[in-house]
Amino acid sequence: MAVKTREKILNTAMQLFNELGERAVTTNHIASHMGISPGNLYYHFRNKDAIILALFEGFQQTLTADIVLPAGKGITLEDKQQYLEALLAGMWRYRFIFRGLHGAVARSDELQVMYRGFASLCITMIEQVFRGLIASGLIKASDEEIEALALNTFMVLTSWHELVHGVLNDEKGEPSRAMLNRIIYQVLIMDRGFITPEAMDSFKALEQTYFSPLDI
């Protein structure tokens, strides 16, 4: 089945946003890249912020579809590994969101509401992961510590793209898989002080799966 124009606009916009950054791309750029008139684009989206909003909604739907947490049940370290991989993959696919989106959020009330909802959703999901690890006897942490760990995890994951491109990745093009692995390692290392003695060997083995030295 042919892809509808609205979906083509979203796919093209995300490609250009990811490659060039959201601020460098206009609706005219998107229309020109597709070979359609600006009027045709505006029939589907009233402005660029409406396109960003639709892409953000798509990202949240992807997130909730890919990361399904068992309610009230314990989880394993392997489960957390899978959640981190899925989250990083989603963030990479929609990486423009985490590459200087503050300007777009600042100019749009709708995007401000969307981003606050996204942050709340992510932090809540991360807290649920920690509670699942506690239920399995793999970590030990208070409610206050769980909240702090969830917030720190969110901050690392949402800032990594700008850090990688602005500081750690000297060469043009996309960062290597080893560099992406290091982001997961940075998340895992925050958990180490809360891992129970019985789980420490398994945890350290998981850490080493993602460790790679920085070349800076």
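Predicted model: local features only at pLDDT ≥ 70, side-chain atom pairs only at ≥ 80, totals over all residues.
Where in the chain is the place of Phe45? Phe45 sits in the loop that links α3 (38-44) to α4.

**The chain as a whole**

Along the principal axes, the C-alpha trace spans about 65 × 40 × 35 Å. The chain has 216 residues, of which 46% count as buried. Among contacts with a separation of 6 or more, 71% come from residues 24 or more positions apart.

Phe45 has a relative accessible area of 3%, and because buried means under 20%, Phe45 is buried. Setting aside neighbours within four places in sequence, Phe45 is in contact with Arg6, Ile9 and Leu10, and also with Ala50, Ile51 and Ala54. Between the C-alpha atoms of Phe45 and Gly21, which are 24 residues apart along the chain, the separation is 19 Å.

Ile134 lies in helix α7 (residues 109-135). Its relative accessibility is 29%, so Ile134 counts as partly exposed. Not counting residues up to four places away in sequence, Ile134 touches Ile139, Ala141 and Ile146.

Two packed helices are described by the angle between their axes and the distance between the axes.

| Helix pair | Angle between axes | Distance between axes |
|---|---|---|
| α4 and α5 | about 165° | 10 Å |
| α5 and α10 | roughly 25° | within 11 Å |

Let us take α4 (residues 48-66) with α5 to begin with. Their angle is about 165°, and α4 and α5 are therefore roughly antiparallel to each other. The crossing of α4 past α5 is right-handed. On the α4 side the residues are Phe59, Thr62, Leu63 and Asp66, and they meet Ala86, Leu87, Gly90, Met91 and Arg93 of α5. Sorted by class, this contact of α4 with α5 has 5 nonpolar, 2 polar and 2 charged residues.

Now for α5 and α10, whose axes cross at roughly 25°. That angle makes α5 roughly parallel to α10, and α5 passes α10 in a right-handed crossing. From α5 come Leu77, Gln81 and Glu85, while α10 brings Ser202, Phe203, Leu206, Thr209 and Tyr210 to the contact. The residues of the contact of α5 with α10 divide into 4 nonpolar, 3 polar and 1 charged.

**The buried side of α10**

Which residues of helix α10 (residues 200-210) are buried? They are Met200, Phe203, Leu206, Glu207 and Tyr210. These residues cover an arc of only 120° around the axis, which puts them on the same side of α10. What covers the buried residues of α10 includes α5 (77-93) and α9 (177-189). Phe203, Leu206 and Tyr210 are among the α10 residues in the contact with α5, and these three are also among the buried residues of α10.

Definitions and conventions. Residues numbered from 1 in each chain as written. Heavy atoms only, no water. Buried < 20%, exposed > 50% of the residue type's maximum accessible area, 1.4 Å probe, protein only. Helix = DSSP H or I, 4+ residues; strand = E, 2+ residues; numbered from the N terminus. Arc of directions from axis to C-beta. Contact = heavy atoms within 4.5 Å. Axes fitted to C-alpha atoms, helices over the stretch in contact; angles between N-to-C directions. Parallel < 35°, antiparallel > 145°, perpendicular 65-115°, else oblique. Left-handed = near helix turned anticlockwise from the far one by under 90°. Nonpolar A, V, L, I, M, F, W, Y, C, P; charged D, E, K, R; others polar.
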